[in-house]
Amino acid sequence: MDDSTKRLLKRLMRRIPTQMLRETLDKWGRLTREQLRSMDYTQTKWALTEKLLAICEENELAMKHLTELEMLYIIDNPNQGMWYAFQLMDPEDDAQSLELTQFKEQFKSHLRELVRHVSIKIKKHTDDAVWIRIAWGDTFSRPNHLKPTYVVHYLQTPYVFVTSLTSKQKPLLSQALVLSTRCQAIKDANLNGRKLTAIRDLLMRKYQQVFPTKYPSHPPENNQTISNPHIEKEQAEPAANRLQMACEAFGGGMLPQLQSAVYKLETKFRDHSNKTMTEREEPFKCVVKFASTNLLESLRHCASSGIASTPVTPLLSCIPLKGRNYFVITDNGPGPSQTRQPQN
């Protein structure tokens, strides 16, 4: 094992929690039963690392084997790092018939035409996701396996999710994806988050959607004694309506755990008491960010409990509706009477 392979193994051991190490190594399948039994998981991480390093050297494992271990861990634990969503545009007529084998061959071929030194590993997951690990190099340097890019693409869908991609690498990856998926272009979906499953479910509508109804369901009754039935009846209908409108806006049941939404304002400043700012020709710019461990759940609670007014403003309901959490808001036209809408 060379130094770069040892560094990758040590980095992996730092990332993988001790309680997950036994299962991960077992799935990896590169260690014998005797070697797996020889691993004492009550030891320190340093001791475990040294033991595994010795086993890997004994088995003559190389970089390609350790990248398998890394992919295995990342696929099983995808909610790490910052993931960005992209959307493929204008597919050709035969794009839907693209198979995994064709995609793998074409993607590797196109990317290697663009980058001289690059390491590509592609693995199909059980949920039909195609996982791609890319270690980038350039004309003069070997692929850097310590800073790989991960790409997740669901075949027969236009959606691609990427993490750890630099601005220099972005056009190279975009071109390889467009050519290998038989599409004409790719665009930023303006959706990102630390939980891959959340932005995937939001973009692919994998959550319970609630549609408008004339007969909203009433919230579940509790076992508390009703002090005044008339007051209870009067309060129940507005509460049910708020809950219905909140669920229509954000969804029902468990919602994708989106952590933030960002609104970039580029609008005309309006304040009659401040003529200096109001008379400026250039727009007033600022950024508003909403953050929570589960933003959609928090917004739905605010609307259903009456903390926020209903119907829900389109500026917030467009997060699940458009599958985005980054918006640029501009004036729709001159004059104070014009409405402001997120740009598509």
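User: Happy to start in a loop: between which helices does Arg-205 lie?

Analyst: Good place to begin, keeping in mind that this is a predicted model. Arg-205 is not a glycine, yet its phi is positive, at about 60°. The loop that holds Arg-205 runs between α8 (196-203) and α9 (229-250).

User: Is Arg-205 buried, partly exposed or exposed?

Analyst: The cut-offs to keep in mind are under 20% relative accessible area for buried and over 50% for exposed. Arg-205 has a relative accessible area of 34%, so this residue is partly exposed.

User: And Arg-300, is that one buried or exposed?

Analyst: Arg-300 sits in helix α11, which spans residues 295-305. Leaving out residues up to four places away in sequence, Arg-300 touches Ala-246, Cys-247, Phe-250, Gly-251, Gly-252, Gly-253 and Leu-255. Its relative accessibility is 10%, so Arg-300 counts as buried.

User: Let's turn to α1. What span does this helix reach from its first C-alpha to its last?

Analyst: Helix α1 covers residues 3-15, which makes 13 residues. At 1.5 Å a residue, 18 Å would be expected. The span in the model is close to that, at 19 Å.

User: How wide an arc do the buried residues of α1 cover around the axis?

Analyst: The buried residues here are Thr-5, Leu-8, Leu-9, Leu-12 and Met-13. They lie on the same side of α1, because the arc they cover around the axis is only 135°.

User: Which residues are exposed on the other side of α1, and what covers the buried ones?

Analyst: On that other side, the exposed residues are Asp-3 and Arg-14. As for the buried residues of α1, what covers them includes α2 (18-28), α4 (45-58), α5 (63-76) and β3 (129-136).

User: Nice. Which residue just after α7 takes a positive phi?

Analyst: Helix α7 runs over residues 170-180, with Leu-173, Ser-174, Ala-176, Leu-177, Val-178 and Ser-180 buried. Their cover includes strands β1 (83-91), β3, β4 (149-154), β5 (159-163) and β6 (183-193), along with helix α6 (100-114). Just after α7 comes the residue with a positive phi of about 60°, Arg-182.

User: Which strand holds Asp-90?

Analyst: Asp-90 is another residue to look at for its backbone: phi is near 50°, a positive value in a residue other than glycine. The strand that holds Asp-90 is β1.

User: One last point: is the peptide bond from Thr-310 to Pro-311 cis or trans?

Analyst: Pro-311 lies in the loop between α11 and α12 (314-322). Omega for the bond from Thr-310 to Pro-311 is near 0°, and the bond is cis.

Technical notes:
Residues numbered from 1 in each chain as written. Predicted model: local features only at pLDDT ≥ 70, side-chain atom pairs only at ≥ 80, totals over all residues. Heavy atoms only, no water. Helix = DSSP H or I, 4+ residues; strand = E, 2+ residues; numbered from the N terminus. Expected span 1.5 Å × (residues − 1). Buried < 20%, exposed > 50% of the residue type's maximum accessible area, 1.4 Å probe, protein only. Arc of directions from axis to C-beta. Contact = heavy atoms within 4.5 Å.
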